[in-house]
Amino acid sequence: TVALCLLILTLGGCSRIQLGYEYADWFIARQMSRTLDLDRQQRLEVQNALAAYREQHRLERLPRLLALLDRFEALLAAPDAAGTVALLAAGEQEFRDTLGELLPLLAETMRTLSDEQIDHFRQELLEGRTEYLERTPAVREARALERTEDWTGRLRPGQRQLIAACALSPGIRSDDWLRWREATEVNLLTLLEIDAPPARIERALRDWLIDDAALPDERRQERQRVRAIWHGCVSMLLASLDTRQRERIVRRLDGYRDDVLGLLPDGLQPAG
């Protein structure tokens, strides 16, 4: 995915942030329900837990998100390669930390799955790997360009070539990578089948979804290379923005900032 999206943690359009945030517990519970085929009681418990977590997120994570938005806007005014890398790394870490805070809930929920629900999850994982294989170079290029232009407006030819080259650069799509992914998913399913303690399930989820250290050395180095490629691409793109493109992004960031400010508790509102 284009790293620009990572800076605001994949939030949607400016006009939808506040509404989306208020209903985030319902939306995430709905997505979990689809993936795990949760029954009504399981889904209600997940939704209640997420509603409680949302208040913690409002206090602890939203101020950090606001700081990231401010850093991004400052970077647009004076693009800098080192600053771009630092900001992207901070955005990714914030995303990982937020996901990590949700893993205990996910692990506890997965431990309640019936045999039929585990089989449903197994099928969802298989379909996910199939979809991954179907992401042809043309599809990856089209997605990267679409997501970038959603932020910048129409790209100039040289900018389009830059994004296309990044999307098509050698990455982690390999037989070894897919074997690792399948083995990791099988391990998680096995833990569910033997009714492993939540701590073991959470550890497996963390190794799968968050922790690069859990990857084999070659895969970890490969992921680092891909990350470095995108960091360089975003840095070059930001440096190439014209006034129209920069102003479009700033307007979007200002919209995000206003929405985040509207969600912050009164005691956390910045001065001025």
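A disulfide is here a pair of cysteine sulfur atoms within 2.5 Å, and the legends below describe close-up views of a predicted model.

**View 1. The disulfide between Cys166 and Cys233**. The structure holds one disulfide, in which Cys166 is joined to Cys233 with an S to S distance of 1.4 Å. The angle about the S-S bond is -90°, and the link of Cys166 and Cys233 is left-handed.

View 2. Cys166 and Cys233 are both buried.

**View 3. The crossing of helices α5 and α6**. Two packed helices are described by the angle between their axes and the distance between the axes. The axes of helix α5 (residues 62–77) and helix α6 (residues 81–111) come within 11 Å and cross at roughly 160°; angles over 145 degrees count as roughly antiparallel, and α5 and α6 are therefore roughly antiparallel to each other. The crossing of α5 and α6 is left-handed.

**View 4. Residues in the contact of α5 with α6**. On the side of α5, the contact is made by Arg64, Leu68, Arg71, Phe72 and Leu75, which meet Gly83, Thr84, Ala86, Leu87, Ala90, Gly91 and Glu94 in α6. By residue class, the contact of α5 with α6 divides into six nonpolar, three polar and three charged residues.

Key: Residues numbered from 1 in each chain as written. Predicted model: local features only at pLDDT ≥ 70, side-chain atom pairs only at ≥ 80, totals over all residues. Heavy atoms only, no water. Axes fitted to C-alpha atoms, helices over the stretch in contact; angles between N-to-C directions. Helix = DSSP H or I, 4+ residues; strand = E, 2+ residues; numbered from the N terminus. Parallel < 35°, antiparallel > 145°, perpendicular 65-115°, else oblique. Left-handed = near helix turned anticlockwise from the far one by under 90°. Contact = heavy atoms within 4.5 Å. Nonpolar A, V, L, I, M, F, W, Y, C, P; charged D, E, K, R; others polar. Buried < 20%, exposed > 50% of the residue type's maximum accessible area, 1.4 Å probe, protein only.
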